[in-house]
Amino acid sequence: MRASRLIPLSVLAFVAALLLVLYLPGLLRYWSFKGSLNDLVQLVKEGDPVAAAKYVADEDYEDLLELIDTYVPADYSRDLVALNVTSVRWDGKRYIVRLVARFQGQRYNGIGQARMAWHRTDGGWRFNLRGTEVAEGYPEGRFVSLEHYLGSSELFGR
């Protein structure tokens, strides 16, 4: 009689262990990635794009600093009304993230999107600048490569 009471408990323990083995690695991967993504978003919102540049792939770091120096006004965050992550998708190798930014101020008004591919490196989670796509408007907007949008092939010629 006592052994029959242990069988359902054993089955539940087995199912719980199986679910843990199946889903825990993905959850841990997502939590570590989400920490990096949240940090990047917070640094951009605070107006510190140079600190946020630490999340770009090493080979793109100098190019991103040049982009920041060329295109980003020092006080851009004054006009940044919103910066939100609207989607995160795992494609089996990397996370594809969509960010939406809304600016409203005397210098510029508008909404834009960026689609970035993040991958795990020895230094943590990083995104590829060259693989980043941008679009004007939301939810509509046709995504084009950042290089095409800026029209600066010499910047990415390295």
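These legends accompany several close-up views of a predicted model. Local features are described at pLDDT of at least 70 and side-chain atom pairs at pLDDT 80 or more, while totals for chains, interfaces and linings use all residues. Residues are numbered from 1 along each chain as its sequence is written, and side-chain values use heavy atoms, leaving out hydrogens and water.

**View 1. Strands S3 and S4 form a hairpin with two residues between them.** Helices (H or I, at least four residues) and strands (E, at least two) are DSSP runs numbered from the N terminus. Strands count as paired if DSSP finds at least two bridges between them. S3 covers residues 109-121 and S4 residues 124-127, and the two pair in the antiparallel sense over four bridges. Look for Trp118, whose bridge partner in S4 is Phe127.

**View 2. Strand S5 pairs with S3 and is also joined to S6.** S3 and S5 are antiparallel, with four bridges; here Gln113 stands opposite Ala135. S5 and S6 also run antiparallel, over two bridges, and Val134 has Val144 as its bridge partner in S6. The loop between S5 (133-136) and S6 (144-145) holds Pro139.

**View 3. Leu40, Leu64, Trp118 and Phe127 touch the most other members of the largest nonpolar core, which has 28 residues.** Such a core is a set of buried Ala, Val, Leu, Ile, Met, Phe, Trp, Tyr and Cys residues joined through side-chain atoms within 4.5 Å. Buried means under 20% relative accessible area, exposed over 50%, and partly exposed in between (1.4 Å probe, protein chains only). Helix H1 (2-45) supplies the largest share of this core, five residues. Leaving aside residues up to four places away in sequence, Leu40 has contacts (heavy atoms within 4.5 Å) that include Tyr55, Met116, Trp118 and Phe127.

**View 4. Asp39 and Lys54 form a salt bridge.** The term means a side-chain nitrogen of Lys or Arg within 4 Å of a carboxyl oxygen of Asp or Glu. The closest N and O atoms of Asp39 and Lys54 are 3.4 Å apart. Asp39 lies in H1 and Lys54 in the loop between H2 (49-52) and H3, so the pair ties together parts 15 residues apart in sequence.

**View 5. Arg107 and Asp79 form a salt bridge, with their closest N and O atoms 3.2 Å apart.** This pair links the loop between S2 and S3 to the loop between H3 and S1, 28 residues apart. Asp79 is buried, at 6% relative accessible area, whereas Arg107 is partly exposed, at 37%. Salt bridges with shared partners join Asp75, Arg78, Asp79 and Arg107 into one network.
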